[in-house]
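Please look through the protein chain shown below before reading on.

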Amino acid sequence: MGRKFLMPSFLLCTAIFVAIISIGCATSVGNISGTGVQAAELNNPRAASSGSATIAITPNSPAETVRAFYKNLREKKFREAIFLTNLRPAIEGLTDTELRDFRVDLESIARGVPAELEINGEIVSGEKATVTAKIPDEDSEKLVQREIRLRRENGVWIILTVDEAAEQIIKKEGKNYFYALRIETHEDEARSMLERISKAQIAYAMQNGGAFAEIQKLVDEKLLPPDVKTSESTGYVYAVKMIDAGKRFAATASPAKYGKSGRLSFVFESDGHHIPKIVSKDNGGKPLGQ
């Protein structure tokens, strides 16, 4: 699990690029001050020219780096945005064509970035800095105040989106890091989706005389999300097969693009009395049980 993005609280993120938009810890910021620390005070009247910022933002400062990062994300300048983070080694080797492989993931993040980013705190201590800003929460999508950590390298501030262990892996794997991370994430989500399908089937059967249903019916009944029908965002193809006239079912998940969106195929069957263990295997991209 070493490739997962980590927030400073070391909670694992479940989506490929979720950490890019939730790179800080939720915080309650009061007065910012400290011995030997340069602090940008909250509600600084000099910040009127900084959009929604409540502090004065100076060129080449940590706060300016954070603002530029989210501005680039919103404008879908993904390479420029990630260059401002310690994920840079994972993207600088990607061609424009390869970068487009991740466009769906990145664009979903860009849609959540507010037009005006409220930056309301900056603390600089030597080569390290912390900026507080209101950014979208990965779960509720509401704006929450978070601390964003930065480090100065060769006179330039970079945002820390992963911990030191993951950073070393990124430097070693280079552009392969994002591909491996996406595969791990999609495989984790495929297993979770199969579990969700199973629960949806149980809920449906309880209201329909023990009979199970096809995926479309489960979506129509709002027991499953619509994206289960497409591999565009999930990276996997899901299918449900009716057995014994709907008294049993088998559900499978197979990678839409073997080696790119996933490697493992998954399957489980249910007779309505229990939930068997999900079986996974590298089947060359083909569904299991066929």
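This is a predicted model: local features need pLDDT of at least 70, side-chain atom pairs count only at pLDDT 80 or more; totals for chains, interfaces and linings use all residues.

Residues are numbered from 1 along each chain as its sequence is written, and side-chain values use heavy atoms, with hydrogens and water left out.

## The chain as a whole

The protein chain contains 9 helices and 10 strands; helices (H or I, at least four residues) and strands (E, at least two) are DSSP runs, numbered from the N terminus. Of the 290 residues in the protein chain, 46% are buried, where buried means under 20% relative accessible area, exposed means over 50%, and partly exposed lies in between (1.4 Å probe, protein chains only). The protein chain exposes about 15000 Å², and carbon and sulfur atoms supply 49% of this area; accessible areas come from the Shrake-Rupley method with a 1.4 Å probe, and for residues only the protein chains shown count as cover. If one takes the contacts (heavy atoms within 4.5 Å) between residues at least 6 apart in sequence, 55% of them join residues at least 24 apart.

Helix α2, which runs over residues 62-74, has 13 residues and reaches 19 Å from its first C-alpha to its last, close to the 18 Å expected at 1.5 Å a residue. The expected span is 1.5 Å times one less than the number of residues in the helix. The buried residues of α2 are Pro62, Ala63, Thr65, Val66, Phe69, Tyr70, Asn72 and Leu73. Threonine 65, for example, has a relative accessible area of 10%, and, leaving aside its neighbours within four places in sequence, threonine 65 is in contact with Leu84, Leu150, Trp157 and Ile159. Just after α2, lysine 76 takes a positive phi of about 65°.

In helix α7 (residues 164-173), Ala166, Glu167 and Ile170 are buried. They cover an arc of only 105° around the axis, which puts them on the same side of α7; the arc is that of the directions from the helix axis to the C-beta atoms. On the other side of α7, Glu164, Ala165 and Lys172 are exposed. What lies over the buried residues of α7? The cover includes α4 (88-91), β5 (143-153) and α8 (176-206). Just after α7, glycine 174 takes a positive phi of about 60°.

## Aromatic rings

A pair of aromatic rings is described by the distance of the centres and the angle of the planes. Rings of Phe, Tyr and Trp (its six-membered ring) pair if their centres lie within 6.5 Å, and planes under 30 degrees apart count as stacked, over 60 as edge-to-face and the rest as tilted. A search of the whole structure finds 8 aromatic pairs, and the table gives two pairs that share tyrosine 236.

| Pair | Distance of centres | Angle of planes | Kind |
|---|---|---|---|
| Tyrosine 236 and tyrosine 238 | 6.5 Å | 35° | tilted |
| Tyrosine 236 and phenylalanine 266 | 6.0 Å | 55° | tilted |

Tyrosine 236 lies in strand β7 (residues 236-243) and phenylalanine 266 in strand β9 (residues 264-270), so this pair ties together parts that are 30 residues apart in sequence. Tyrosine 236 and phenylalanine 266 are buried; tyrosine 236 has a relative accessible area of 0%, and tyrosine 238, which is also buried, has one of 9%.

Elsewhere, Phe102, Tyr177, Phe178 and Tyr179 form one aromatic cluster. Arginine 182 lies over the face of phenylalanine 102, at 4.5 Å from the ring centre, and arginine 88 lies over the face of phenylalanine 83, at 3.9 Å from the ring centre. A charge sits over a ring if NZ of Lys or CZ of Arg is within 6 Å of the ring centre and within 35 degrees of the ring normal.

Is threonine 252 buried or exposed? Threonine 252, whose place is in strand β8 (residues 248-255), is buried, with a relative accessible area of 10%. Not counting residues up to four places away in sequence, threonine 252 touches Leu194, Val237, Tyr238, Ala239, Phe266, Val267, Pro287 and Leu288.

Alanine 239 lies in strand β7 and is partly exposed, with a relative accessible area of 34%. Its contacts, leaving aside neighbours within four places in sequence, are with Ile215, Ala250, Ala251 and Thr252. The C-alpha atoms of alanine 239 and valine 267, which are 28 residues apart along the chain, are separated by 9.6 Å.
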